[in-house]
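Subject: Structure handover, salt bridges

Hello,

Here is the structure I said I would pass on. Please have it open while you read the notes below it.

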Amino acid sequence: MPFERPEIIRPPSEWKSYFLPLTSGCSNNTCAFCNYYGSKLRVRKAEEVKEEIDALARYLKAGIQMPSMHYLVYAVGRSWDQKRVFLQDGDALVYPFPKLVSILAHLNEKIPAVERIGTYATAQDILRRSPEELKTLRDLKLGIFYMGLESGDDEVLQKINKGVDARQMIEAGRKAKEAGIVLSVTVILGLGGVAGSEKHALETARVLSEIDPDYAGALTLTLVPGTPLYEQAQEGSFHPISPFRSLEELKIIIENAGFSNCFFSSMHASNYFSVRGRLPAERERMLDELARILNRRDPSLLRPDFLRGL
Ligand code: SF4
């Protein structure tokens, strides 16, 4: 069956990257809230990936387009600054290690201007690799992992079928950092529902502190039709929190996170309010911004639901 190029789903900070698919879907397709839930993992042939790299390199050098190549190669390549590449899809780090190494080496050889390659990585993917393997990847410019922690609360992680617990998340995050790979971690406000809200926020702050990532981003839960969590909300067994409660969770995380120096942001389109800054340096300013919104409780100050995105 031919490999079908996945839709571009990427971290906000990778907007200028070239998107190179190695897989489509996610190997850990069980998370109860995620749009990859139930997706089938497909692994693209390494030769096909290298052909795309060759076609892109040829285009960048001489403007030559191959009719057999997907139009996105040229559509994205046209405005690309050649600095960053993002490996698709949900967890490209699952790609067989020797082949991943040969693809990264090929990319470096054909487009040496590339400065950094990034990928989504599950905790399982990171834990599967030895410290030496991670360093090999880093030396081939795989310089940033985006890892979804989602929650630091084991009860929530279990309920959403994340497949790992908080201790394994901490281990995976630290392992990536020790290999010299920049780590960006995302958490999801509202994942504990109404009943688990306080614990979710406090435990998330604790686990984030123990990982101490370079970047941390908060998203807000958006219920996706077809996922178990959506069904649970429909049946009434999961009670989503209110938009203002999501800001209170954000406040708890910012107040309690003990980072050494982390860029923390809630700029993602799913959030009702955006706040960003370095923690701990800008903690007071960020909390003041949140307090202004929380004190007024004026819904018109929040991002309207129709403008929120996944
Ligand atoms: S949350 Fe991450 S690991 Fe879970 S299904 Fe979605 S992409 Fe895969």
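E210 and R206 form a salt bridge, with 3.0 Å between the closest N and O atoms. Both residues sit in helix 8, 4 residues apart, which is about one turn of the helix. R206 is partly exposed at a relative accessible area of 35%, and E210 is also classed as partly exposed, at 31%. Please keep in mind that this is a predicted model.

E210 has another partner: R174, where the closest N and O atoms are 3.7 Å apart. R174 is partly exposed, with a relative accessible area of 38%.

Elsewhere in the chain, D81 pairs with K16 in a salt bridge whose closest N and O atoms are 3.7 Å apart. D81 lies in the loop between helix 2 (71-78) and strand 4 (84-88), while K16 is in the segment before strand 1 (18-21), so the pair links parts that are 65 residues apart in sequence. D81 is partly exposed at 32% relative accessible area; K16 is partly exposed as well, at 46%.

How many salt bridges does the structure hold? The count is 22. Some of them share partners, and in this way R5, R44, E48 and E52 are joined into one network.

Regards

How values were computed. Residues numbered from 1 in each chain as written. Predicted model: local features only at pLDDT ≥ 70, side-chain atom pairs only at ≥ 80, totals over all residues. Heavy atoms only, no water. Salt bridge = Lys/Arg side-chain N within 4 Å of Asp/Glu carboxyl O. Helix = DSSP H or I, 4+ residues; strand = E, 2+ residues; numbered from the N terminus. Buried < 20%, exposed > 50% of the residue type's maximum accessible area, 1.4 Å probe, protein only.
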